[in-house]
Amino acid sequence: MKEITSTMAGTVYNILVAHGDAVKEGQEVLVLESMKMEIPVESTFGGNVKELKVNIGDFVNEGD
């Protein structure tokens with residue numbers, strides 16, 4: 001199973017997809033907040049969302 005990972009550390013500000021959604025390469029899947037900036041996290045491949053491993057308010061590190 002492929003996973004989308006964060007390119008930087010931050011707090012999950014918003015989740016833009018739900019379980020079962022179809023996702024295209026380059027599509028924003030969630031938004032991180034770091035140092036009062038909103039940073040989108042994009043999918044690097046197409047597919048369907050099988051599992052969400054984070055919730056709004058969770059802190060993630062680079063690579064999570």
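In which sense do β1 and β3 pair, and over how many bridges? They pair in the antiparallel sense, over four bridges. Strands here are DSSP runs of E with at least two residues, numbered from the N terminus, and two strands pair if DSSP finds at least two bridges between them.

This is a predicted model, in which local features need pLDDT of at least 70 and side-chain atom pairs count only at pLDDT 80 or more, while totals for chains, interfaces and linings use all residues. Residues are numbered from 1 along each chain as its sequence is written, and side-chain values use heavy atoms, with hydrogens and water left out.

**First stop: strand β1**

Select residues 10-15, which form β1. Now select threonine 11. This residue stands opposite glutamate 33 in β3 and also opposite phenylalanine 59 in β6. In a regular strand, side chains alternate between the two faces of the sheet.

**Second stop: the nonpolar core**

Next, select Val12, Val17, Val23, Val29, Leu30, Leu32, Val41, Val49 and Val60. These nine residues make up the largest nonpolar core. Such a core is a set of buried Ala, Val, Leu, Ile, Met, Phe, Trp, Tyr and Cys residues joined through side-chain atoms within 4.5 Å; buried means under 20% relative accessible area, exposed over 50%, and partly exposed in between, with a 1.4 Å probe and protein chains only. Strand β3 (residues 28-34) supplies the largest share of this core, three residues.

Leaving aside residues up to four places away in sequence, valine 17 touches Val23, Gln27, Glu28, Val29, Val49 and Leu52, a contact being heavy atoms within 4.5 Å.

How many salt bridges does the rule count? The count comes to one, where a salt bridge is a side-chain nitrogen of Lys or Arg within 4 Å of a carboxyl oxygen of Asp or Glu. Select lysine 53 and glutamate 3, whose closest N and O atoms are 2.6 Å apart. Lysine 53 lies in the loop between β5 (47-48) and β6, and glutamate 3 in the segment before β1, so the pair ties together parts that are 50 residues apart in sequence. Lysine 53 is exposed, at 56% relative accessible area, whereas glutamate 3 is partly exposed, at 46%.

**Last stop: glycine 63**

Finally, select glycine 63, in the segment after β6 (59-60). Not counting residues up to four places away in sequence, glycine 63 touches Thr5 and Ser6.
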